[in-house]
Amino acid sequence: MFSKQAKSGSKTPARIEPLPAPTAAAQVDSQRRAPPKVASLLSADLTIEGGVTGEGELQIDGVVKGDVRVGRLTVGETGHVEGGVYAEVVEVRGRVVGSITSKQVRLYGTSYVDGDITHEQLAMETGAFFQGRSLKFQRPAPQAQPTPTPPQAEPLAIAQAKPVVG
């Protein structure tokens, strides 16, 4: 199965092949990738009266008097929100007076939340103040495929043969 080959006197150096050039598809993929999103910051000396909406990340160190709807929200230690908060992920180090609806909520030790929290995951550090109700998302149960019931057999009418006289 295995055999030893005779050694030849001349050794050929190993060939190094160049890497293949990137394909057009790879170049299009790299162009499609957007630069990483940078969080927006509302500094401590700003107050916004009205709602804030967006799809990105927002850190609030100032005051927002209105609803906040973003992809990810961080309320800093000096941050204050008076209104509803709706985001995929919420981290609170400051104050929120209003309801929070989010998949993941984390209340740090310096946080103050007065309102209901609707969540899938909730984490609270020691020292966090929370007054309200904690409501876990009720994911809808997967719809069971209805099993087809076999059709009920109908009684067959059996014809009785009458004798033919004739």
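1. Starting with the inventory: the protein chain has one helix and 16 strands. Keep in mind that this is a predicted model. Of the 166 residues in the protein chain, 25% are buried.

2. Six strands form an open sheet, and reading across it the order is S2-S5-S8-S10-S12-S15, with parallel pairing. At the edges sit strand S2 (47-49) and strand S15 (129-131), each of which pairs on one side only. From one strand to the next the twist averages 5 degrees.

3. Zooming in on one pairing of that sheet: strand S10 (residues 95-97) and strand S12 (residues 112-114) run parallel and are joined by three bridges. Across this pairing, arginine 95 is opposite tyrosine 112 in S12. The arginine 95 side chain is worth a look too, as arginine 95 lies over the face of tyrosine 112, 4.0 Å from the ring centre.

4. Staying with tyrosine 112, what about aromatic pairs? The structure holds one. It is made by tyrosine 112 and phenylalanine 129, and it counts as stacked because the ring centres are 4.5 Å apart and the planes are at 10 degrees. Tyrosine 112 belongs to strand S12 and phenylalanine 129 to strand S15, so the pair ties together parts that are 17 residues apart in sequence.

5. The charged end of arginine 69 sits over the ring of tyrosine 86, 4.0 Å from its centre.

6. S4 and S7 pair in the parallel sense over four bridges, with glutamine 59 having threonine 74 in S7 as its bridge partner. S7 also pairs with S9, again in the parallel sense and over four bridges; here leucine 73 has valine 90 in S9 as its bridge partner.

7. Which residues have the most contacts inside the largest nonpolar core? They are Ile60, Val68, Leu73, Val92, Val96 and Ile100, in a core of 21 residues. At least two residues of this core come from each of strand S4 (57-60), S7, strand S9 (85-92) and strand S11 (100-107). S9 gives the largest share, four residues.

8. Leaving aside residues up to four places away in sequence, isoleucine 100 touches Val85, Val90, Val92, Val105, Val113, Asp116, Ile117 and Thr118.

9. Last, valine 75, which is found in strand S7 (residues 72-75). With a relative accessible area of 0%, valine 75 is buried, because the cut-off for buried is under 20%. Beyond residues up to four places away in sequence, valine 75 touches Ile60, His80, Val81, Glu91, Val92, Arg93, Gly94, Arg95 and Val96. As for glutamate 91, its C-alpha atom is 6.3 Å from that of valine 75, with the two residues 16 apart along the chain.

Notes:
Residues are numbered from 1 along each chain as its sequence is written. This is a predicted model: local features need pLDDT of at least 70, side-chain atom pairs count only at pLDDT 80 or more; totals for chains, interfaces and linings use all residues. Side-chain values use heavy atoms; hydrogens and water are left out. Two strands pair if DSSP finds at least two bridges between them. Axes are lines fitted to C-alpha atoms, for helices over the stretch in contact, and angles run from 0 to 180 degrees between N-to-C directions. Buried means under 20% relative accessible area, exposed over 50%, partly exposed in between (1.4 Å probe, protein chains only). Contact means heavy atoms within 4.5 Å. Rings of Phe, Tyr and Trp (its six-membered ring) pair if their centres lie within 6.5 Å; planes under 30 degrees apart count as stacked, over 60 as edge-to-face and the rest as tilted. A charge sits over a ring if NZ of Lys or CZ of Arg is within 6 Å of the ring centre and within 35 degrees of the ring normal. A nonpolar core is a set of buried Ala, Val, Leu, Ile, Met, Phe, Trp, Tyr and Cys residues joined through side-chain atoms within 4.5 Å.
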